[in-house]
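Subject: Structure for you to look through

Dear colleague,

Here is the structure that I promised to hand over, and I would be glad if you kept it open while you read. My notes on it follow below.

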Amino acid sequence: MPLAIIGVFVFAALFANFLSPADPEEQTLRQRFTPPVWDERGSWKHVLGTDRLGRDLLSRIIWGSRVSLTAGVLTVLLASAVGAGVGLVAGYYGGRVDTVLMRVTDATMSFPVILLALILAVTVGPSFVNVVIAIAVILWARYARVIRGQVLTLMGLDFITQARIAGASAARIILRHLLPNTLNTLVVLTTLQVGYVIIVEASLSFLGAGIPPPTPAWGSMISEGRDFVTSAWWVSFFPGLAILLVVLAFNLLGDWLRDTLDPKLRQL
Amino acid sequence: MARFVLTRLLQSLAALAILSVVVFVLARATGDPLHLILPMSASEEDFANARKYLGLDRPYVEQYLSFVGRALTGDFGMSLRARRPVGELIAQRLPNSLRLAAFAMTVSLLLAFPLGVLAAVWKGTGIDRAAQVIAVLGQSLPTFWVAIVLIELVAGRLQWLPAGGIGGLASYVLPGFTLGWFVVAGMMRLLRSGMLEVLDSEYVKLARVKGVVEARVVWVHALKNALIPVVTFAGIYFSILVTTAIVVETVFAWPGLGRLAYEAISSRDFPVIQAVVLTTAAIVAVVNLSVDCVYAFIDPRIRYVR
């Protein structure tokens, strides 16, 4: 079920140009605030209705899935690469390297994501790339913590000692022996984080520090409809529903992966 | 124990110092604030005067040092926008945020504890399933959307509660629940899995064999140990709470620190941004420090592991 939902949205994101019934940025002021099709004033031309500028909501949601999914996946990949790197190095070398890296990790982890993302977004101006970087700058810390913990356990095991005696280099032990053994954790954590990143990205766009208009992003769509909730509830409602569905799907998938791959990871 | 606390304290201070540099540099990098406060028609001379008046013409290192020196005494300078001492703004907004957070935390704890424990005790029943649904929804619902939907339904259509602003107890309900929702979800999840593990352990079985009343086994013997993961994550939850508060306060027009941060960032009000970020970070650091101490106190194994 979660896979099906994710599949639908990935499909929508990939083929947005074929699937969307209208141009997501085309404005038809005469048809502003057309309600969804089941309302008596609605029409099949705009299945989910239109927004303040008469833009087709369904098309904007379809194009928005491209923005949200790319942001989610890119951010998480970036964060997991950096975080796993830090965690592996800290866990492998231990001692002072470990202490310093973990201090930095803790400091990063306890910093409120949105505060930094807001500052960064305003610093260099809101853009897609900046949003990805801003979130990744904080998000890597969680990977580092978890991966380091696993590496510490692995380091006590015989096969690492044997690899050392056999003369394997640090790089080889880290990449060939430690990394593969942390892959399950990485997969679970990454899946669970995609949903979180999508929410943070949407929050930033909602606050006006995320993806700048007119690019259709779910967060800014909700924000645009906010002042008209009473007269045109659908403008804010449907993008929010889209976020809920995608994030829910990723969380359920992550939970399932965790229970299947490694039940001990219950605290992720 | 004293040594543990001292090391953690020094580490927190070091982290705050680094953060203050980062904040200072970032705030300076957001562009020239004079463009926002001076009128479009201002001459070069006006710019130079204003720069001098606000101390923006001195070397960065000097600006930073004087900033830190004064910040330590609670003086964060003047807000570029409001033309009022930043300390005053913070002092005015912070209590509102704390009140909202306290309300949200109380509600969440009151809901999370019974739900988490009962879900574990009656595993697989309706309560357990309901708890799981709440947990997953709590992590998947975008806060700002929930806020808008609640405002429209409860405050708009039903007219039960005020839509925003701060007032009597009624004004706390909507923002409080929006803010507390995800805490309930996360905490309940941790409690449930913690309880499941503990309820299965030898010492709980022993307590039962000895004839301890079941309610006591669950709520005293088992809960004590199931609390450890909750305490570990308390620090992280607190920082998520602060994050969420920015969005919630913005949507509900709540005159707190989060809304102040949003306003300051959108008007590039340097002194306010610095003050808000540092105040927030200091609060987060204090909370994390206390969490660590509590943790080390209940679980002595922690003190020896770095």
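A:Ala117 touches A:Ala134, A:Ile135, A:Val200 and A:Leu204, leaving aside residues up to four places away in sequence, where touching, or being in contact, means that the C-beta atoms of two residues, placed from the backbone, lie within 7 Å. Please bear in mind that this is a predicted model, in which local features need a pLDDT of at least 70 and side-chain atom pairs count only at pLDDT 80 or more, while totals for chains, interfaces and linings use all residues. Residues are numbered from 1 along each chain as its sequence is written, and chains are lettered from A and ligands numbered from 1 in the order in which they are written.

A:Ala117 and A:Ile135 are the residues with the most contacts inside the largest nonpolar core, which has 156 residues. Such a core is a set of buried Ala, Val, Leu, Ile, Met, Phe, Trp, Tyr and Cys residues joined through C-beta atoms within 7 Å; a residue is buried if 20 or more other C-beta atoms lie within 10 Å of its own, exposed if 12 or fewer, and partly exposed in between, with C-beta atoms placed from the backbone. Helix α8 of chain B (residues 170-199) gives the most to this core, with 16 residues; helices (H or I, at least four residues) and strands (E, at least two) are DSSP runs, numbered from the N terminus.

How many residues does each chain bring to the contact between the chains? Chain A gives 36 residues and chain B gives 39 residues. On the side of chain A that touches chain B, α4 (95-109), α5 (113-123), α8 (170-206) and α10 (234-261) of chain A each supply at least two residues, and the largest share, eight residues, comes from α10(A). That side divides into 22 nonpolar, 11 polar and three charged residues, where Ala, Val, Leu, Ile, Met, Phe, Trp, Tyr, Cys and Pro count as nonpolar, Asp, Glu, Lys and Arg as charged, and the others, Gly among them, as polar. The predictor gives the complex an ipTM of 0.78 and a pTM of 0.81.

Helix α9 of chain A (residues 218-225) is largely enclosed by the rest of the structure, because seven of its eight residues are buried. Among them are A:Trp218, A:Met221 and A:Ile222, and the buried residues of α9(A) pack against α3 (57-93), α8 and α10 of chain A together with α7 (143-157) of chain B.

Turning to chain B, its secondary structure comes to 13 helices and zero strands, and 39% of its 306 residues count as buried. Its C-alpha atoms fill a box of roughly 85 × 55 × 30 Å, taken along the principal axes. B:Cys293, found in helix α12 of chain B, is partly exposed, with 15 other C-beta atoms within 10 Å. B:Cys293 and B:Asn49 are 244 residues apart in sequence and 50 Å apart in space, C-alpha to C-alpha.

Finally, a word on confidence, for which pLDDT is the predictor's score for each residue, from 0 to 100. Chain B averages a pLDDT of 78, and 91% of its residues score at least 70. Within chain B, confidence is lowest in helix α13 (residues 301-304), at a mean of 58, and highest in helix α5 (residues 86-121), at 86.

With best wishes
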